[in-house]
Amino acid sequence: MSDHHPTGITRWFYTTNHKDIGTMYLWFSFIMFLIGGAMAMIIRAELYQPGLQFVEPAFFNQMTTMHGLIMVFGAVMPSMVGLANWLIPMQIGAPDMALPRMNNWSFWILPFAFTLLLSSLFMEGGGPNFGWTFYAPLSTTYAPPSTDFFILGVHMMGISSIMGAINVIVTVFNMRAPGMTLMKMPLFVWTWLITAFLLIMVMPVLAGLVTMMLTDRHFGTAFFDAAGGGDPVMFQHIFWFFGHPEVYIMVLPAFGVVSEIIPAFSRKKLFGYSSMVYATASIALLSFIVWAHHMFAVGMPVAGELFFMIATMLIAVPTGVKVFNWVATMWQGSLTFETPMLFSIAFVILFTIGGFSGVMLAMAPVDFQYHDTYFVVAHFHYVLFPGAIFGTTAAVYYWFPKWTGKMYNEAVGKTHFWLSMIFVNLTFFPMHFSGLAGMPRRIPDYNMMFADFNMWASIGAFGLGFTQLFFFVTIIMAIRGGKKAEEKQWDGATGLEWDAMTTPAPYHSFSTPPKVD
Amino acid sequence: MAIRRKLIAGMTGLLGFMLSGLVQAASELNMRPGVTETSIEVYELHMMVVWVMVAISVVVFGAMFYSFIFHRKSKHPTPATFSHSTKMEIVWTAIPVLILIYLTVPAVKLLIKMEDASNSDMSVQVTGSQWKWHYKYLENDIIEQEISFYSNLSTPREQYENYETSGAAENVNYLLEVDNHLVLPVDTKVRFLVTAEDVIHSWWVPELAVKKDAIPGFINETWTKVPTPGIYRGQCTELCGVNHGFMPVVVEVLSKPDFAKWLSGKAEEKRIADKTAAAAASQNWDMDKLMVLGKTVYDAKCAACHQVNGAGLPPVFPALKGSAIATTGPVEGHIDIVVNGKQGTAMAAYGAQLTDAEMAAVITYERNAWGNDTGDKVQPADIQAFKAGN
């Protein structure tokens with residue numbers, strides 16, 4: 001059968017092809033990444049030195065809020081769905097995703113959801129200004145009118161995520177090539193399968209939460225209003241019941257990515273495949289019983305604090321297993337350091353540093369000193385930037401030659417890596433210090449004693465932001481004029497997409513199931 | 001000789017200077033140990049975790065870098081073929097469990113101690129509201145008569161709006177200073193009852209290792225016992241709206257005799273203030289005097305939301321300039337909203353925060369500034385009449 005290939009603008013509107021949809025997801029997330037990044041630049045410009053120089057506190061709060069929302073829901077989550085769309089059918093030997101029309105819809109919701117969300121910035125009273133965690137009653141009674149657009153936007157992107165997750169689960173359970181047993185699936189497919197279950201569990205909780213906000217705002221309910229018998233702390237419990245698994249939703253697929261890349265460039269099988277699967281599942285299960293570690297300062301009973309502290313610290317065990325397995329995979333391998341490998345190694349090192357500060361934050365008595373300071377900001381940026389974003393970047397470099405049949409410029413790719421590596425640390429490492437010194441998060445101005453580290457972080461942030469444009473240039477250069485990729489670009493790569501498929505990957509993946517040994 | 005001695009002295013001086021710089025830098029790099037027994041224990045636990053994490057990273061990253069150097073393709077062209085080892089996997093599951101137990105034991109002990117606010121010697125109710133703290137000392141053996149006051153940021157607006165030209169850089173307590181300190185006696189277990197009026201705030205003093213969320217409708221408990229007199233500064237740590245970055249916490253700890261003196265001074269101050277307020281309230285004020293006092297009060301209490309120019313930040317913080325309430329609306333309505341606030345909005349009740357004269361002045365100011373020009377004069381007696389009628 002010929003590789004039928006629709007063209008023109010309708011190709012993108014009507015497509016049900018997993019590769020086209022994956023491509024749209026990835027470009028969409030990259031655009032959101034640049035918008036969210038531009039907001040971070042505004043924040044860092046204001047914080048470059050003490051005093052209010054560039055923006056008013058009211059706008060500053062809108063920037064911190066939108067930066068968080070855009071990065072979490074617009075950049076990181078869609079980038080992972082984009083990778084899932086591209087890779088899952090190729091890796092399990094399926095012709096496409098199981099529900100291709102729904103796939104189209106789940107993508108095309110997103111541009112509308114984020115247009116709604118971003119448009120709120122131009123409304124009277126400004127956009128959402130209550131932090132991406134939108135704690136009530138600041139987000140209900142005291143919020144600007146545009147909050148309703150935020151609520152609708154969150155609903156829409158929640159529907160999109162749930163549909164994406166259903167698609168992944170149905171595809172993985174029904175479309176595997178004969179012989180592709182669950183315990184033979186590549187780690188990326190496993191981590192995404194588990195992520196999809198997390199999404200289905202928690203996105204409805206988020207939807208319920210924003211609906212309660214909506215009725216509190218307009219229909220006289222008092223879920224979160226103490227004056228009406230409601231409970232502002234309940235808001236936080238519901239939010240973090242969604243929010244903690246959400247953290248793993250953002251990073252588990254990246255675990256899968258590096259579990260593919262590290263063996264390829266170590267020329268050695270992944271160490272402890274089954275323990276990797278079980279560790280991922282344990283992390284996912286534990287993520288449901290640790291939510292209140294974000295809330296040690298709200299005045300929980302001691303027994304509650306003890307439970308959430310110990311449960312949270314337990315997560316270090318399966319996470320440790322994963323890190324040790326990656327190290328053991330490299331041990332006595334035959335290593336080379338191409339761009340995807342560099343990003344993956346940086347992922348392991350920097351994510352581990354974020355894990356260390358995570359254990360520190362889990363310990364309730366010391367958390368009282370870290371909570372809501374820049375120490376927390378440093379922590380979650382260490383797990384999200386070098387975690388989720390380096391993971392996606394590594395994946396794009398690694399599979400790019402397979403996807404397009406073109407090869408990126410390795411020297412430019414490595415420059416992108418080294419600049420990112422330097423600037424990511426320059427941006428986020430000093431935040432540990434300003435947090436320990438006592439700087440609260442989400443403040444537009446600060447005392448002189450926090451000045452040095454803020455200046456470093458701002459310089460790093462500008463560098464980091466600029467470096468991501470480099471990524472754009474690398475990819476465009478490779479698409480336009482990259483030299484032809486080899487049939488199997490990475491000699492250590494394994495899996496159906498490398499062994500049973502031509503390069504570039506045909507528009508329609510396996511129309512007859514490949515053989516799996 | 002002399003030159004040499006001078007040189008040595010100079011060098012030692014320089015070395016000393018550099019060392020002190022290093023020590024200072026180190027203190028900025030790390031959590032401050034603070035001054036209370038609890039805060040020092042928190043600091044020690046923090047340092048213990050830091051060193052455990054450093055040790056783990058030396059081992060893990062050490063193994064990785066060993067691989068990078070000795071197992072690179074040029075040095076190690078044939079990869080090994082092993083892909084699992086049950087023994088190793090058991091080992092690196094068990095060791096982290098042991099490390100975590102080692103960390104958990106002291107953490108549990110310290111947490112239980114920190115959360116035990118019983119047997120306190122006195123209690124202070126801490127109430128957060130947009131964007132100030134209110135302290136109320138509850139009556140007991142030490143506090144013979146209830147005291148309460150607001151604590152507002154005292155860094156002038158001019159300093160943060162024009163940081164470079166206003167000399168703010170010389171202000172070491174920039175954004176960490178308030179008009180009224182929370183004054184506490186030394187060596188006394190003080191229980192804090194923390195709550196809020198509007199949104200969630202969080203009361204934090206790093207050097208006392210006390211951080212508790214202030215939540216509307218709920219009262220949280222925490223405590224401290226400070227062994228050394230001094231001034232300890234902190235900030236609100238929960239995003240609470242536009243001026244979240246501008247509501248610091250300042251605790252001043254005095255020796256017991258000084259605290260007693262402060263208490264009696266406070267009682268005397270209140271007696272005088274009541275008297276002056278009564279005297280001011282009985283007077284008939286002229287327009288100029290009302291406008292002058294009105295502007296001072298407005299800039300301090302109202303301008304954060306309604307802005308100095310009265311334009312507000314609509315629609316959450318409405319404009320007063322040209323608004324119905326401040327122009328065509330009845331004076332009683334205007335008094336009502338200032339005294340009682342407005343339910344369901346960010347407008348707080350100022351009835352207990354301002355004296356009758358201050359409220360009369362600020363209402364007069366709002367009705368006549370920025371071209372509102374109603375000519376209305378509100379007298380302290382009007383406020384009293386309104387309160388009596390309520």
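1. Two residues are taken to be in contact if their C-beta atoms, placed from the backbone, lie within 7 Å. On that criterion, and leaving aside residues up to four places away in sequence, A:Ala222 touches A:Asp216, A:Gly228, A:Gly229 and A:Gly230. This is a predicted model, in which local features need pLDDT of at least 70 and side-chain atom pairs count only at pLDDT 80 or more, while totals for chains, interfaces and linings use all residues. Residues are numbered from 1 along each chain as its sequence is written, and chains are lettered from A and ligands numbered from 1 in the order in which they are written.

2. A:Ala222 sits in the loop between helix H6 (187–218) and helix H7 (232–266) of chain A, where helices (H or I, at least four residues) and strands (E, at least two) are DSSP runs numbered from the N terminus. A residue is called buried if 20 or more other C-beta atoms lie within 10 Å of its own, exposed if 12 or fewer, and partly exposed in between, with C-beta atoms placed from the backbone. A:Ala222 is partly exposed because 16 other C-beta atoms lie within 10 Å. Its C-alpha atom is separated by 8.7 Å from that of A:Met212, ten residues apart along the chain.

3. In chain B, five strands form an open sheet with mixed pairing, in the order E3-E2-E1-E5-E8; two strands pair if DSSP finds at least two bridges between them. Strand E3 (147–151) and strand E8 (220–224) of chain B each have a single partner strand, so one side of each is left without a neighbour in the sheet. The twist averages 25° from one strand to the next. Strand E5 (residues 190–196) of chain B pairs with E8(B) in the antiparallel sense over five bridges, and B:Val190 has B:Thr224 of E8(B) as its bridge partner.

4. Chain B also has an open sheet of three strands, again with mixed pairing, in the order E4-E10-E9. Its edge strands are strand E4 (182–185) and strand E9 (230–235) of chain B, each of which pairs on one side only. E9(B) and strand E10 (residues 248–254) of chain B run antiparallel and are joined by six bridges, with B:Pro248 in E10(B) as the bridge partner of B:Gln235. Helix H5 (residues 256–282) of chain B lies across E4 and E10 of chain B and runs at about 135° to E4(B), where axes are lines fitted to C-alpha atoms, for helices over the stretch in contact, and angles run from 0 to 180 degrees between N-to-C directions.

5. Helix H8 (residues 356–368) of chain B has 13 residues and reaches 18 Å from its first C-alpha to its last, close to the 18 Å expected at 1.5 Å a residue; the expected span is 1.5 Å times one less than the number of residues. Because 13 of the 13 residues of H8(B) are buried, this helix is largely enclosed by the rest of the structure. H8(B) is followed by B:Trp370, whose phi is positive, near 50°.

6. The contact between the chains takes 82 residues from chain B and 80 residues from chain A. On the side of chain B that touches chain A, the largest share, 15 residues, comes from H3(B).
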